[in-house]
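Hi,

Here is the structure I promised to pass on. Have a look at it first, and then read my notes below.

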Amino acid sequence: MPDKAFVVLSPPPNARAGSITVRGRSGDLIRLGAVAAGYAVVQLFLVVPGTGLGWDETVYVSQVSRASPAAFFSAPRARGITYLVAPVAAITSSVPVLRVYLAVLSAAALLLSLWVWRRLLPTPALALAGGLFAGLWITVFYGPQAMPNLWVAFGALFTVGCFLRAARNPGDRIALAGVASGVAFAALMRPGDAVWLVISLLCAALAVPPWRRPALAAALVVGLVVGGAEWAVEAHLRYGGLLPRLRRASEIQGGLGWNPAFADQMRSLGGRTLCRPCDGPWSRPYTALWWFALPPLTAGALFAAYRKGRVQLVAVPTAVALFLALPYLLMIGYAAPRFLLPAYALLAIPVGLCLTQLIAAWRTRPLALGALCAVLVAHLALQFTIAGGAAARSRAERVAFTAVAGELRRLGVRPPCILSGTEAVRAAFATGCAARQVYGGHDGSITADGLMALARTRPTAVLVPGDLQPPHWARNWRPHPLPSLPDQPGYRAYLAPSTRPAPPGAARRRAVRTGGSPSRLRRPGPWPSVAASVPVPYLTAPVSTPTSPDRDGAAHRLVERRPPSALSPA
C-alpha cells in the first residue's frame, strides 16, 4: 500500500493485495465523495436559488450567451471560465440551470483535486482539509458562480498533488501529465496566477536535488505555454503584444506596486465581494478570527511532518500558497476575498493534517476534543451565515435588474438596442441590448460620436444614478426614472430621440407572430457596426472624473461606475 505521511496502515497477513487495494479505494471514495457531495448540497440550498449574475459573471457569460451581445472584454480577463460555461450558456439563458451546472461541476473538481493526494497523505486528513476549504463562505458563494478564482484553486491543488507524486516517483507518468494539465487549466483561467504557481514549483524542484529532473520542469513550462497561448494570441491581435496588454491590465488594476492589503483582506471576510476603498466600519471583526488560526496550525503540521521525515509533503503546498497569496497581499491596493482562494485551498492541506493529529491525540481527553469540535461547528455555521447573506444580496440585485429591464422594454428599449452608463452591463444583459461605454474609461469601446450615430437608428439609453449627471452629449435626451437598484436610489435613463414606446399590445402581437412569450428574450441580431468600433490597440489615458471601484478594481468614469452595493460595510 502506498506510503502515508502521518499514518502507516498494515494489512492483515492473510489479506490479498488486490482486495486491500479495492477496499481502500472504495473507502477513500466514500470519504472524499461525501465531502464533495456535501459541498454541492450546501451550494444548491444556500446560493443557487434565485441568485442573479454579478457584473463580472455577466461579462464572462455574455461572450457565449444567446440572451444578448457580448460585453466588452477588458485586458486582465482570460476566457477560461467562458469556455467552462459555454456548454450551458450557449444552449439556454437560464441562470438557475447555469448555477446547478457549476455547483455540480465544482463539487466534482473538489473531489478530483483531493483524489490525487491519496497516495501522499491519509484520507481522513484529506477529507477534513476538503471540508474546511469547502466550508469557507467564499468557496460556497463562488462555487456556482461563473468566476475563475475558485477554478484556479482547484487547478493549483491538483497540480501540487501531481507534482509531489511525480517528484517522489519518476516513473509516475500519469502524475507528470497531471502536472502539465493542471498548470494549463490554471493558466486558461488566470494566466497571472499560473505564472506564480509555476515559479513556486520550479523553485521547489531546484531546492530538492532528487527533484531536479528535466521532465518535471518541462511539464510545468509546457502546461503554462499551452494554457496561456490563447491569452497571448489575443494580446497580439487586440493589443499589439504581450507587454502592451500587461501594461493595460496593470492600469485597470490600479497599478501594481508596494500596496500591503492584509487589513483589507481581513475586512472583506465579513461578506464583501469587493473591498475598495476599504475604509468603512468593520462591524464584524470576529469573521476574520480563523485567519489567525492558519499560522499556528500550519506550523504544527510542518513540525509533525518534519518529525516523520515527510516535510516536503507539507512544505511544498504551504510555500506555493504563499507564492499565490503574496501578489494580492502586497502588490494590489484593494481586496477581494476570492483572490486568495488558491492559497486557502493549499493551506487546507497542512491545516487538515494538524487538526487530524489533534483529534487523534485528544481522543482520551473528551473535554478538549469536544471543545475543538464545537469550534469547528461554530466556524462552519458562521461561514454558512455569511454565504447566505451574500446570496441574499445577489437575489435582491436580480429582482432589481429584472424590474429595470421590464421598465426599459416598456419605454421602447428593445433589441437591437444599446445601453451605456452605470450598471449598463447587467441592465443590457437583462434587456437583450448591447452594453457600450465611450472611450476614456477601462471599458471604452466606442467614441461618443459613434454612439450618437448608432442612437439615431437604434433604441439607446444612458443609465445614471441619482447623484450623477449624464454625459454632455446625452443631457438633451429624454430622462425617465427607473426602479432603484440596491444602495443606488434615483436610478434613471436618458433616452435617445429614436427610442419610442411600443404601441399598446405590440409585444403580445409580436409574440403571437413568433410563437413565443411577450416576456421571453429572443437572441438579438448581429452587431457589426458596434463590435467593429473596438480599436487595436487601446489609446486611452487615466481620467480624473468622479470614480468608484469597478469589477477589475479600477476607477472609472461616470458611465462605467461600479455599484456601491458590493462595497457595503460587512
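**Aromatic rings**

One aromatic cluster is made up of Phe133, Trp151, Phe154 and Phe185. Before going on, please keep in mind that this is a predicted model, in which local features need pLDDT of at least 70, side-chain atom pairs count only at pLDDT 80 or more, and totals for chains, interfaces and linings use all residues. Residues are numbered from 1 along each chain as its sequence is written, and side-chain values use heavy atoms, with hydrogens and water left out.

How many aromatic pairs does the structure hold? There are 11, where rings of Phe, Tyr and Trp (its six-membered ring) pair if their centres lie within 6.5 Å; planes under 30 degrees apart count as stacked, over 60 as edge-to-face and the rest as tilted. One of them is Tyr60 with Phe73: the ring centres are 6.0 Å apart and the planes stand at 75 degrees, so this pair is edge-to-face. It links distant parts of the chain, with Tyr60 in helix H2 (residues 55-62) and Phe73 in the loop between H2 and helix H3 (80-89), 13 residues apart. (Helices are DSSP runs of H or I with at least four residues, strands are runs of E with at least two, and both are numbered from the N terminus.) Both Tyr60 and Phe73 are buried, and here buried means under 20% relative accessible area, exposed over 50%, and partly exposed in between (1.4 Å probe, protein chains only).

Trp151 and Phe185 form another edge-to-face pair, at 6.5 Å centre to centre with 70 degrees between the planes. Trp151 sits in helix H7 (residues 149-168) and Phe185 in helix H8 (residues 173-189), so the pair ties together parts 34 residues apart in sequence. Trp151 is buried at 3% relative accessibility, whereas Phe185 is partly exposed at 29%.

Arg77 lies over the face of Tyr60, 5.1 Å from the ring centre, and Arg79 lies over the face of Phe73, at 4.0 Å from the ring centre. For a charge to sit over a ring, NZ of Lys or CZ of Arg must be within 6 Å of the ring centre and within 35 degrees of the ring normal.

**The disulfide**

The count comes to 1 disulfide, taken as a pair of cysteine sulfur atoms within 2.5 Å. Which cysteines does the disulfide join? Cys417 and Cys433, with S to S at 1.9 Å. The torsion about their S-S bond is about -90 degrees, so the disulfide is left-handed. The pair links distant parts of the chain, 16 residues apart: Cys417 is in the loop between H16 and E1, and Cys433 is in the loop between H17 and strand E2 (434-435). Cys417 is buried at 0% relative accessibility, and Cys433 is buried at 1%.

Most residues other than glycine have a negative phi, and most peptide bonds are trans. With that in mind, look at Pro415 and Pro416, which are joined by a cis peptide bond with omega about -5 degrees. Pro416 is in the loop between helix H16 (366-410) and strand E1 (418-421).

Then there is Glu423, which is not a glycine but has a positive phi of about 60 degrees. Glu423 is in the loop between E1 and helix H17 (424-431) and is buried, at 0% relative accessibility. Asp487 also has a positive phi, near 65 degrees. Asp487 lies in the loop between strand E6 (478-481) and strand E7 (492-495), and is exposed with a relative accessible area of 52%.

Cheers
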